[in-house]
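Let's take a walk through this one together, starting with the whole chain and then stopping at a few spots along the way.

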Amino acid sequence: MDRTYVKSGKVMTSSALIARRQAAVARGVAFSLPIVIREARGAVVYDVEGRRFIDFAGGIGVLNVGHTHPKVVAAIKAQAERLTHACFMVATYESYVELAERLNQLVPGAWPKKTVLFNSGAEAVENAVKIARAATGRPAVLVFEHAFHGRTIFGLTLTGKVNPYKVGFGPFASEVYRLPYPYCFRCPRHTGEGKCCQAEASNFLSQLATLVDPTALAAVVIEPVLGEGGFIPAPPEFLRMLVDWCREHGVIFIADEVQTGFGRTGTMFAMEHAGVAADLTVLAKSLGGGLPISAVTGRQEIMDAPAPGGLGGTFAGNPVACAAALAALDVFEEERLVERARMIGATVREHFLSWKATYPWIGDVRGVGAMQALEIVIPNQSKAPDQKRTSLVQKLALERGLLTLTAGTWGNVIRTLMPLTISDSELAEGLEILGSALKSASAL
Ligand SMILES: Cc1ncc(COP(=O)(O)O)c(C=O)c1O
């Protein structure tokens, strides 16, 4: 099928449309891949020139159920014909209530829960902190190095990476404290036996006493696996110790599962690998099956701390986005995507480990489930990050038909965020392209 995009008799090219983008759109919104997408289905994307790509990027982890899943599209159409907006602060509609009920059931924690919906990850993170402050009457928040929690001023305050996110946007909010994240690959005390993480956790927690009075701390906000920070899993021992510490000090434990949620790591939520349940869980990205929607779900008594009128937003929990989210949740069950994530992850990991054995510049292979990463370094240089070779791998992969994303504080990590609906043959095709890009990049 000819998939080129013809408008007013002219064939559109990616470069022409990117030139229009650059003339019309603020440059602050950067883009990683110089293509213009016209349509997509499952794990396959077509650009305006009709070129086909396997998608290992998933719109940054939004498309766990795949692009334009027929059930999600049908739900969007059906809802759009009935009601596109009402504002949940004006009147009630069922899809919002039903989604809240579903999330209350789905999110870990054997206690009564409530949910509130928003539009973006950053908005949900901010509101989780508002809720924690209202519930505790305390001001301070603890976060971690390399974290990413969004682009609003408060989200940026919580975010660890300075360049490019925070440059020029200060002053930031007060009462935010930061500890190192357990980054095993770069931890001088890492032994690989798990015990070191326990020692590290208690080391971190004793550092905390020198940072902030625990009785002033409303919440700890953590990604169970760092997303933008480079797909770094927090060791389960570390998470368990942190949760215990929070419970002991009356601090609310907030899991930011925006990127890790909805099956990505081979469990519905990444915190399940550590057997912990957060007091408040922040959700976004793959919740909406491609539509913008986010949520905070948590313990009922904490969620009900803000007074009526304290939470909400004009578009928050839009009925069409709720319908898409409900359909996406059905797809998760029907297509057993959580299980599928484990199979995808095992295949990807096998390839990544064989490449690590081949190329001395692949410093680390890590991840959980289908959230896998390669960290690229300069060999024999104390793990110095190699951003240049990482970009080259991404560029070569794109030229050969694969969309990939980088991550990490130094931009030297290749990460996998493919739709979990990807077929075995598409996965094999994507991995073959990535393998050939790595091979060519080894000649650098
Ligand atoms: C862990 C995490 N939290 C929050 C956010 C912010 O989400 P959004 O871009 O929807 O505001 C992101 C986005 O990448 C994220 O990965």
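The radius of gyration used here is taken over C-alpha atoms, and the rule for a globule is 2.2 Å times the number of residues to the power 0.38. With 444 residues, that rule puts a compact globule near 22 Å, and the protein chain agrees, as it has 22 Å. Keep in mind that this is a predicted model, where local features need pLDDT of at least 70 and side-chain atom pairs count only at pLDDT 80 or more, while totals for chains, interfaces and linings use all residues. Residues are numbered from 1 along each chain as its sequence is written, and side-chain values use heavy atoms, with hydrogens and water left out.

Now for the overall build. The C-alpha trace spans about 60 × 60 × 45 Å along its principal axes. The chain holds 13 helices and 19 strands; these are DSSP runs numbered from the N terminus, with helices being H or I of at least four residues and strands E of at least two. Of the 444 residues, 54% are buried, where buried means under 20% relative accessible area, exposed over 50%, and partly exposed in between (1.4 Å probe, protein chains only). A contact means heavy atoms within 4.5 Å. Among contacts between residues at least 6 apart in sequence, 72% join residues at least 24 apart.

Gln79 is buried, at 7% relative accessible area. Leaving aside neighbours within four places in sequence, Gln79 is in contact with Ser95, Pro319, Val320 and Ala323.

Next comes Asn318, in the loop between helix H9 (300-303) and helix H10 (319-334). Asn318 is buried too, with a relative accessible area of 17%. Its side chain reaches the backbone nitrogen of Val320 at 2.8 Å. Not counting residues up to four places away in sequence, Asn318 touches Thr84, His85 and Tyr93.

Finally, a look at the backbone. Most residues other than glycine have a negative phi, and most peptide bonds are trans. Here, the peptide bond from Asn163 to Pro164 is cis, with omega near 10 degrees, and the one from Gly170 to Pro171 is cis as well, with omega near 5 degrees. Pro164 sits in the loop between helix H6 (153-158) and strand S8 (176-179), and Pro171 is in the loop between H6 and S8 too. Ser8, not a glycine, has a positive phi of about 50 degrees, and at 75% relative accessibility Ser8 counts as exposed.

Key: Polar contact = N/O pair within 3.5 Å; in protein donor to acceptor, adjacent residues only side chain to side chain.
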